[in-house]
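The exercises below each set a task and then work through it step by step. Please look over the sequence and the model before reading the solutions.

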Amino acid sequence: HNYDHPSSTWLTATHKIDGRILRTEIFFADISKLEILTTTKVIFKDSVETLVIQAFDENGNIFSSLEGIDVEWSVQPENLADATSVLKIVPFKENGVEVSSLLLRMEDQGKQSSKILVQGVDTGIVRVIAKLKHSEYRSVASTRVVLSVLEPLRLRPTQPIYLSPVAEIRYTLEKCPQRAAPHRIELPNSNYIWSTSNTTVWLLYTSPSPRDA
């Protein structure tokens, strides 16, 4: 149906014993715009993140849910010449993420709906695109979000350091994979850029310091 103006209906439930009546109003309108919601636009390699579609009518009102509607999701590298797989869509069931039984049934049928789970595979930048599949929504433009996948890193020592003037401390850089033990990165390494917020009190040597010469 096409709704020139939002339509509504009342849903009523009556308690069989005490006669209490509960009512809620349900509004119907055409979808005008889609948007992908995510709690972060930066995902660490091997970690997972949930993406959800939100829909708006022409007045900017937000639909309560699009669950159950067939959605076509796709992942494209930001640089189309880059063939590296940076991000992939993974099943809810295999990753222990709680979702509704409806989404699990659609997943079993090879379908996607308003919510998906993505996992970082390699470092890079990707576009995630979502489009409503049903022909009734062919006039609704697809929506997209740009996500970055990063390698989880940490410096050692991790605690705050207090030094006297001209004292030195050596830091090591570690990769912290989601499913493996941290391991040290050999330095210097051209893949990593070091910096300090205040060069008047702190000098960085990414190669052996002059004292080691």
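**Exercise 1.** Find the polar contacts that the side chain of Glu-174 makes with the side chains of Arg-154 and Arg-156.

*Solution.* The side chain of Glu-174 makes a polar contact with that of Arg-154 at 2.8 Å, a polar contact being a pair of N or O atoms within 3.5 Å, where within protein one must be able to donate a hydrogen and the other to accept it, and residues adjacent in sequence count only if both atoms are side-chain atoms. A polar contact also joins the side chains of Glu-174 and Arg-156, at 3.2 Å. This is a predicted model, in which local features need pLDDT of at least 70 and side-chain atom pairs count only at pLDDT 80 or more, while totals for chains, interfaces and linings use all residues. Residues are numbered from 1 along each chain as its sequence is written, and side-chain values use heavy atoms, with hydrogens and water left out.

**Exercise 2.** Decide whether Glu-174 is buried or exposed.

*Solution.* Glu-174 belongs to strand 12, residues 172-175, strands being DSSP runs (E, at least two residues) numbered from the N terminus. Glu-174 counts as buried because its relative accessibility is 11%, and buried means under 20% relative accessible area, exposed over 50%, and partly exposed in between (1.4 Å probe, protein chains only).

**Exercise 3.** List residues that Glu-174 contacts beyond its neighbours within four places in sequence.

*Solution.* With contact meaning heavy atoms within 4.5 Å, the partners of Glu-174 include Pro-152, Leu-153, Pro-182, His-183 and Ile-185. Arg-154 and Arg-156 are also among them.

Definitions and conventions:
Helix = DSSP H or I, 4+ residues; strand = E, 2+ residues; numbered from the N terminus.
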